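The following exercises ask the reader to examine the displayed model one region at a time. Each task is followed by a worked solution.

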Amino acid sequence: MTTSRPHHDRPEPERYELFEGAHYRFTFPRRDFLRTAAGGLVVALTVGDGEVQGAPARDRRGGRRGGRSGEVPESLGAWIRVDEDSAVTVYTGKVEVGQGIRTSLAQTVAEELGVAVDRIRMVMGDTDLVPYDRGTFGSRSTPQMGRQLRIVAATASDVLAGLAADRWGVDRKAIRLENGAAWHPSKAESLSFGELTRGKSLTAIVDEKIAAVPASGWKVAGTSVPRVSARAVVTGRHRYVSDLQHEGQLHGKILRAPSFRAEILSVNLKPAQAIPGVTVIHDGNFVGVAAADPARAEQALAAIEARWKEIPQPGSAELFDYLVEHPIHRAGWRGRTERKEGSVRRGLRRAKHRLEQTYTVPYIAHAPLEPRAAVAQWVGDKVLVWSGTQRPFGVRAEVADAFRLPESRVRVMVPDTGSGYGGKHTGETAVEAARLAKAAGKPVKVVWTREEEFTWAYFRPAGVMKIKGGVDGKGRLVAWEHLNYGSGSSAIGVRCDVANHRVVSQPTETLARQGSYRCLAATANHFARESAMDELAEAVGIGPLEFRRRNLTDARMLAVLNAAAGQFGWEGRTAKRGHGSGLAVGYDKGGFVANCVEVAVDDHNRVIVTRIVTAFECGAIVNPDNLTNQVEGSVIMGLGGALFEEIRLANGRVENPSFSGYRVPRLTDIPPLETVRLDRKDLPSAGAGEAPIVVIAPALANAICAATGQRIRSMPLTRDGELM
Amino acid sequence: MTDRARVRVNGVERELAVAGDRTLLDILRNELRLTGTKYGCGEAQCGACTVLIDGKPIRSCVRSISTCDGRSITTVEGLAKGERLHPLQDAFIAEGAMQCGYCTAGMLMSAAGLLERNRDPDEDAIVKAMRGNICRCGTYPRIVRAIRRAAGGNPR
């Protein structure tokens with residue numbers, strides 16, 4: 001099994017939310033920072049967390065005590081510990097947001113270590129306890145953290161086998177680890193992990209090159225182990241951040257602007273301050289309240305009188321022109337990107353059939369069912385933060401920065417959280433809670449309302465995609481141009497052999513806060529590309545499946561395409577009146593997906609999805625049942641963006657900040673799903689949290705076109721389920 | 001300003017002295033410390049706050065506590081009998097009918113309400129009864145299978 005490191009490590013350019021400035025600039029007196037429980041003045045500068053006289057930074061206390069940002073410890077003890085009862089504790093900076101990695105990462109460790117999954121305790125996302133991690137996003141948990149924990153566990157195995165060999169005075173080659181103990185053919189009794197380590201840390205450097213169990217030999221990984229937290233969830237015992245209740249805790253609420261970019265002109269806090277039992281605070285651009293119950297906090301918030309300076313700004317009606325007309329030099333960490341080969345102009349001239357079309361996607365919201373939430377508590381000179389975030393170390397940095405503290409005085413903890421989908425990367429809620437907690441002198445919980453979620457969170461970027469394509473008489477692409485304005489470059493490559501091609505990603509200004517969303521720009525780019533492919537196929541008179549078979553060079557894309565088409569019965573399908581079928585194929589971050597769908601359009605132009613087939617491949621599958629759950633969940637979520645979802649903006653206001661105005665997929669929208677998994681045990685495991693979402697939209701657009709003759713080039717494809 | 005209300009929650013009589021216009025969801029979570037019932041939208045659109053009042057599913061986020069005076073309320077914490085789980089809870093675990101789990105309590109209570117009035121619902125009846133519950137993670141197919149499993153004993 002290869003353990004090669006992925007070659008790219010930087011986040012995708014369209015993770016715009018990671019490059020925002022601080023949301024709040026507090027102005028409280030410098031003195032406050034320097035006061036500590038012990039009294040007296042202390043220097044606010046810090047010696048790095050990992051620095052100890054004479055010892056390399058990583059080895060301090062096994063390197064486990066909260067990573068210094070950016071440092072990934074080599075010391076085994078930072079990642080894994082064996083208890084005296086042979087239970088195993090694993091430390092990871094990844095967090096569980098519903099994608100199932102609490103279970104699948106444990107399987108990976110169980111496989112290497114010879115211990116049952118239920119004897120593994122995963123400590124996740126606590127910045128004081130786990131190694132530094134950049135964040136749970138980008139489908140990296142399986143390929144990167146899975147790989148890391150595989151070599152950690154394999155190293156630990158090696159150490160334990162060595163300890164047993166030493167204890168018994170035998171050759172370690174014949175030692176095997178099973179059920180939390182070491183076994184040797186010449187010994188009647190085993191030695192448990194607890195006996196071998198006797199509570200001492202495992203001392204070793206994680207061995208990058210160590211051999212791990214190949215996927216073909218997996219006995220625990222590769223099986224459908226049930227979710228370890230299921231019982232706590234169904235009994236209501238699991239506490240999400242929004243459920244936490246500490247002694248003396250208050251509920252916090254923040255005064256929001258009436259529109260984007262509005263500025264406070266004046267604030268009168270007195271009516272709110274007059275309410276008993278309420279903390280009210282105005283600091284810089286932050287105005288908030290805290291009270292013992294949420295109703296009182298709401299009452300206090302409503303009592304604040306504020307005057308705002310609002311700024312006229314374009315809305316949804318002007319959005320797409322605005323994006324194209326306002327390119328910018330740089331967004332995120334990169335500017336405009338272009339890749340080209342040959343001459344698109346010449347290729348188009350020589351083409352037998354040409355296409356030139358524009359496709360658009362609006363802003364959409366993540367709408368996680370648990371709104372973002374944080375609890376903050378100041379204890380001595382440290383602030384404890386519980387946050388439903390995908391980036392605990394990022395939030396730690398944001399809170400440290402907001403309060404001008406060293407990171408060592410901020411602890412962020414992430415209980416298993418009510419989803420994220422890429423929308424919970426930033427720490428504004430944590431900063432809000434911490435500021436109120438500081439003012440109130442008590443723990444404060446801030447839970448955003450659904451309206452705040454739909455208004456003040458960052459959205460998936462809107463985008464305009466301009467496609468030009470040319471095919472020869474045999475339906476082969478001879479020219480291809482794909483320009484993306486605003487949304488990003490993920491999956492912009494065409495994966496076909498086209499001698500003349502050009503792909504450009506042009507960052508633009510934006511009308512709303514935007515950033516990461518499941519699969520980033522891959523949805524927008526696939527919507528444009530896979531719709532255009534069908535349009536070209538139709539121009540040549542070739543079926544959509546055959547067209548793709550003639551042009552795709554990526555064997556893994558072809559495999560899922562053929563698997564989906566086979567399951568669907570594409571080639572034998574009959575045209576039912578009022579119905580249409582469509583397909584699309586795509587890729588993202590090492591995952592490959594194809595959808596074949598069927599829709600019905602009734603006399604009122606209502607679109608009903610009658611069938612969805614998905615084929616998916618992401619290398620060696622770690623947990624098959626969880627994978628299907630993720631794939632189907634992504635497809636269902638993608639259905640929303642494809643058919644219904646749109647943030648409607650007017651003058652800096654979101655016009656539909658609620659589930660009654662912003663339609664998300666419901667049980668009634670879902671046809672039977674058929675999902676085909678392709679298990680490639682010969683390939684490294686890739687992530688599956690994002691890729692399955694990328695082509696449901698163009699598959700539906702293609703099916704609607706087949707049913708009605710109407711080609712729709714904008715998402716969502718319907719208005720509340722009806723073709724427009 | 002407080003009003004008095006007496007409610008029976010999961011079989012236990014509770015005397016409350018709270019403002020009568022506070023929602024049942026607020027009281028359950030913040031006064032009675034029963035955090036199994038969730039806030040998702042505050043406008044009865046997502047179903048995360050579903051509880052049973054006298055056996056019928058209602059959205060507690062839009063229900064004032066004063067209207068619950070004298071009523072019997074069941075929350076997700078009241079489904080199990082000690083450590084013995086309700087068939088729906090067992091079924092949700094067996095079918096892996098969750099991802100982030102945040103919608104699960106509301107799903108269980110809506111489903112419990114369904115099974116109270118229809119012991120063997122077909123898929124149509126399930127979909128109709130559950131349409132008010134959102135699962136943003138998209139675990140719907142498993143949720144339906146879990147409800148069928150709990151009802152009929154066999155997933156159909």
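**Exercise 1. Locate Asp83(A) and determine whether it is buried or exposed.**

Solution. Asp83(A) is found in the loop joining β1 (80-82) to β2 (88-92) of chain A; helices (H or I, at least four residues) and strands (E, at least two) are DSSP runs, numbered from the N terminus. The model is predicted: local features need pLDDT of at least 70, side-chain atom pairs count only at pLDDT 80 or more, and totals for chains, interfaces and linings use all residues. Residues are numbered from 1 along each chain as its sequence is written, chains are lettered from A and ligands numbered from 1 in the order in which they are written, and side-chain values use heavy atoms, with hydrogens and water left out.

Next, consider accessibility. Buried means under 20% relative accessible area, exposed over 50%, and partly exposed in between (1.4 Å probe, protein chains only). Asp83(A) has 19% relative accessibility and therefore counts as buried.

Finally, list its partners. With neighbours within four places in sequence set aside, Asp83(A) is in contact (heavy atoms within 4.5 Å) with Thr89(A) and Gly194(A).

**Exercise 2. Describe how helices α2 and α5 of chain B meet.**

Solution. Begin with the axes, which are lines fitted to C-alpha atoms, for helices over the stretch in contact, with angles from 0 to 180 degrees between N-to-C directions. The axes of α2 (residues 87-94) and α5 (residues 140-152) of chain B come within 8 Å and cross at roughly 135°. That angle makes α2(B) oblique to α5(B), since angles under 35 degrees count as roughly parallel, over 145 as roughly antiparallel, 65 to 115 as roughly perpendicular and the rest as oblique.

Then identify the residues. Pro87(B), Leu88(B), Ala91(B), Phe92(B) and Ala94(B) of α2(B) meet Ile143(B), Ala146(B), Ile147(B), Arg149(B) and Ala150(B) of α5(B).

**Exercise 3. State the order of elements in chain B.**

Solution. Chain B contains five helices and five strands. Along the sequence they follow the pattern β-β-α-β-β-β-α-α-α-α. Of its 156 residues, 59% count as buried.
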